[in-house]
Amino acid sequence: MEEPAISETEPWAEGLHNTNNNASPGGWPGARGGHPLAPFGSPSAEPSYLGRVVLEIVESERTYARDLRSIVEGYLGKIIDAEEPVLRPEQVSALFGNIEDIYELSSTLLQNLESCASDPVAVAVCFVTRSQEFAIYTQYCNNYPSSVAALAECMRSKPQARFLRECQERLRHALPLGAYLLKPVQRILKYHLLLQEIAKHFEHKSGDDYEVVLEAIDTMTCVAWYINDMKRKHEHAIRQQEIQSLLLGWKGPDLTSYGELVLEGTFRVQRVRHERAVFLFDKTLLITKRRGDHYVYKSHIP
């Protein structure tokens, strides 16, 4: 049996690689000849490798905050201010999710990062102290599939598609709205990678300062893991509802009472003509037979 399909090429997985214009943790030039790190804040010194890493974090957050602002003001704001309704309220909600909360958090984080004076420890502290606030990304990431679906619906409507293209032209964006709505998903999965670059090139791999950097990495790694886990559970719950709606001949309780869907697959029974489709939940194994798009209940094992 295999786990319910979650493609490794899904957009939300792209944040783990260098797929956007925010940051490139694997793309910095190499350290120069093993020379000791130059002191921060030295006007005459060439920025150290670590200094460039910190600068990249700040600059990429500035770019990210600017992109979020363009969504909030250049798209969402124009939709709200339009004299005639362009999108239905439910379309707006699905399309943008809680993007305004994301923008507010990024703007505040950027202000904090800009006040760090290129100090990598101070940068790490920014993430540790705001660890709880990053939970808002869970809602955004869970809504992202609905956002993609809502955007596709808008692009099938000539008036809505024209309006969104006009917004893009006013903003002088080379990429359409969909590319910008993906950025929060990419960004939240990239923070821990950026912080790992700080730890990797930290001069002293011990002491309180280094421990703060490690704590920041742990914090943002946990955030990324939690969001991925919530997305997995969300997708499994949707699949569970789909199975329930396609199940024929089932007299038992709602499938949600058996816990989360863990695995699904098919197998062939001896002396039986057709394969069986099986679904493993936390508390039971459901055995069915495919009939067209439906599943006919055959048996279950607690």
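**View 1. Contacts across the whole chain.** Among contacts in the protein chain (heavy atoms within 4.5 Å) between residues at least 6 apart in sequence, 65% join residues at least 24 apart. This is a predicted model, in which local features need pLDDT of at least 70 and side-chain atom pairs count only at pLDDT 80 or more, while totals for chains, interfaces and linings use all residues. Residues are numbered from 1 along each chain as its sequence is written, and side-chain values use heavy atoms, with hydrogens and water left out. The protein chain has ten helices and five strands; helices (H or I, at least four residues) and strands (E, at least two) are DSSP runs, numbered from the N terminus. Of its 302 residues, 45% are buried. Here buried means under 20% relative accessible area, exposed over 50%, and partly exposed in between, with a 1.4 Å probe and protein chains only. The chain exposes about 16,400 Å², and carbon and sulfur atoms supply 52% of that area. Accessible areas come from the Shrake-Rupley method with a 1.4 Å probe; for residues, only the protein chains shown count as cover.

View 2. Let us follow α3 (99–114). This helix has 16 residues and reaches 22 Å from its first C-alpha to its last, close to the 22 Å expected at 1.5 Å a residue. (The expected span is 1.5 Å times one less than the number of residues.) Which residues of α3 are buried? They are Ile99, Ile102, Tyr103, Leu105, Ser106, Leu109, Leu110 and Leu113. These residues cover an arc of only 165° around the axis, which puts them on the same side of α3; the arc is that of the directions from the helix axis to the C-beta atoms. On the face turned away from the buried side, look for the exposed residues Glu104 and Gln111. The buried residues of α3 pack against α1 (49–81), α2 (89–96), α4, α5 (136–156), α8 (183–188) and α9 (191–200).

View 3. Ala117 has a positive phi of about 55° although it is not a glycine. With 61% relative accessibility, Ala117 counts as exposed. Ser118, at 33%, counts as partly exposed. The C-alpha atoms of Ser118 and Val53 are separated by 9.4 Å, and these two residues are 65 apart along the chain.

**View 4. Helix α6 and the residue that follows.** The 14 residues of α6 (158–171) should span 20 Å at 1.5 Å a residue, and the end C-alpha atoms are 20 Å apart, which agrees. Its buried residues are Gln160, Ala161, Phe163, Leu164, Cys167 and Gln168. Seen down the axis of α6, these residues fall within an arc of 160°, so they line one face of the helix. They pack against α1, α2, α5 and α7. The face turned away from the buried side carries the exposed residues Lys158 and Glu169. After α6 comes Arg172, whose phi is positive, near 60°. Arg172 lies in the loop between α6 and α7 (177–181) and is exposed, with a relative accessible area of 78%.

View 5. Five strands form an open sheet in the order β1-β5-β4-β3-β2, with mixed pairing. β1 (247–248) and β2 (261–267) stand at the edges, each with a single partner strand, so one side of each is left without a neighbour in the sheet. Two strands pair if DSSP finds at least two bridges between them. Strands of a sheet pair through backbone hydrogen bonds, either parallel or antiparallel. β2 and β3 run antiparallel and are joined by six bridges; the bridge partner of Gly265 in β3 is Val278. Helix α10 (residues 208–246) lies across β1, β2, β3 and β5, running at about 50° to β2. Axes are lines fitted to C-alpha atoms, for helices over the stretch in contact, and angles run from 0 to 180 degrees between N-to-C directions.

**View 6. Two hairpins in the sheet.** Strands β3 (residues 276–281) and β4 (residues 285–291) run antiparallel, joined by five bridges. Arg276 stands opposite Lys289 in β4, and the hairpin between β3 and β4 passes through three residues. How many bridges pair β4 with β5 (residues 294–301)? Seven, in the antiparallel sense. Leu286 has His300 in β5 as its bridge partner. The hairpin of β4 and β5 has two residues between the strands, and Gly292 takes a positive phi near 65° there.

Terms used: The expected span of a helix is 1.5 Å times one less than its number of residues.
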